[in-house]
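Please consult the sequence and the coordinates alongside the points below.

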Amino acid sequence: MTVDKREIYSFDTPISVGKILKRLNFLPFEVLVIKGNRLLTRDVVLRDNEEIEIKTVYSKG
Amino acid sequence: MKCVRCKKQAEVELKSHNAAFCRDCFLYFFENQVLKAIKSFRMFTKKDKILVAVSGGKDSLTLWNVLLDLGYNADGLFVHLGIEGFSDIAKGKVERFAKERNAKLIVVNLKDEGIPIPEVKKKTRRVVCSLCGQIKRYYFNMVGLKEGYDVLATGHNLDDEVSRLFSNVLHWKMEYLVDQSPVLPSEEGLLKKVKPLCRVTEYETSVYAFFKGLDFVDIECPYSKGATFTMYKKHLNQIEFSSPGTKIDFYQGFLKNLKPILEKREEKIKNRCKICGYPTFSDVCSVCRLKGYT
Ligand SMILES: [Zn+2]
Ligand SMILES: [Zn+2]
């Protein structure tokens, strides 16, 4: 069984969500960008020590 | 980014629809897309008894949830594959969902049927995933017919359909192209089959599941050797990124332009399994053969 592998990345802020996705080689509709219980669009700019979670959308079943 | 409907802060950007939505407006959009598919392809009505094939994954639980929210009469069918460390987890998620939504769930256990997947795997030299799919489809159909359902609904989304279409076109698999449709009408021994999520993408389905807080199986089946269409999905996503709307155009264009021509030359399977009545090209269907009938 494969369990989701988690990786942690750090970026210099301010940086937009779109730029982070580009650097990680994700297309915007391949992942959910999650902060708390909200989703962030590409234009959102992250500042200081903000943390986000990125989840791929592909089904595994 | 602002929601195109209500101007609140958007949480989702959908370039293929030239739109961005806040949570409430996205859910409205999503339900509308599902309704549009159900109505334009005449999948079912509020009077029909719908059987939803549920695996415990994101797509099938999304489908069941949205059908219940839209007020359809939808029960679930789960096929327990007998795969250790996987099937029990999936069953747990599906059972919890059914309980929370107060919905009826039917469970078929392949152990009771004498063909749990680990045993089937030992008996075959073929890739077990395709046989597993065949077995699941067999029971979805059989249970649906036996229990008096009008239609079987599966959670295939637009990306599933487009990647399958792409692969079938690349290799000109005519026999599969003929069968590729959001609706397969019922015929003798076969329940009507529909794909109400055929207008929504993998991304949109994930967003819906996230907003609705659906608790789905997020682990890979230990037997799956990397989903067959993942490579095509990746390529198609690249095309979609540089040319938004291509996926839905490709799929809708196929249904509108090529499908009617293909249907004319379709040859129906006329033979039925002499053991169980399931349509088959030989005397005994593959599931009955696995069970030891010849
Ligand atoms: Zn809105
Ligand atoms: Zn049979």
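B:C276 is partly exposed, with a relative accessible area of 26%, whereas B:C285 is buried, because its relative accessible area of 3% lies under the 20% limit. The model is a predicted one. Both B:C276 and B:C285 belong to the set of residues that coordinate the zinc ion (ligand 2).

**Zinc site**

- The zinc ion (ligand 2) is held through the SG atoms of B:C273, B:C276, B:C285 and B:C288, at 2.3 to 2.4 Å.
- Along the chain, the donors of the zinc ion (ligand 2) are spaced as C-x2-C-x8-C-x2-C.
- The angles among the four donor atoms run from 106 to 114°, and the site of the zinc ion (ligand 2) is tetrahedral.
- For four tetrahedral donors at a metal, the ideal angle is 109.5 degrees.

**Second largest pocket**

- The second largest pocket holds about 300 Å³ of space.
- Its lining comprises 14 residues, and those closest to the centre of the pocket are A:K22, A:F26, A:L27, A:P28 and B:F241.
- Two elements give two or more residues to this lining: α1 (17–23) of chain A and α9 (230–242) of chain B.
- With four residues, α1(A) supplies the largest share of the lining of the second largest pocket.
- By residue class, the lining of the second largest pocket divides into five charged, five nonpolar and four polar residues.

Note on methods: Residues are numbered from 1 along each chain as its sequence is written. Chains are lettered from A and ligands numbered from 1 in the order in which they are written. This is a predicted model: local features need pLDDT of at least 70, side-chain atom pairs count only at pLDDT 80 or more; totals for chains, interfaces and linings use all residues. Side-chain values use heavy atoms; hydrogens and water are left out. On a 1 Å grid over the protein atoms alone, a cavity is a set of points where a 1.4 Å probe fits but cannot get out, and a pocket is an open set with protein on both sides within 12 Å along at least five of seven lines; lining residues have an atom within 4 Å of a point. Grid points are joined across faces, edges and corners, and a volume is the space filled by probe spheres set on the points. Ala, Val, Leu, Ile, Met, Phe, Trp, Tyr, Cys and Pro count as nonpolar, Asp, Glu, Lys and Arg as charged, and the others, Gly among them, as polar. Donors are N, O and S atoms within 2.8 Å of the metal (3.2 Å for Na, K and Ca); water is not among the atoms, so sites may look incomplete. Four donors count as tetrahedral if all angles lie between 85 and 135 degrees; four count as square planar and six as octahedral if opposite donors are over 155 degrees apart and all others between 65 and 115; anything else is irregular. Buried means under 20% relative accessible area, exposed over 50%, partly exposed in between (1.4 Å probe, protein chains only).
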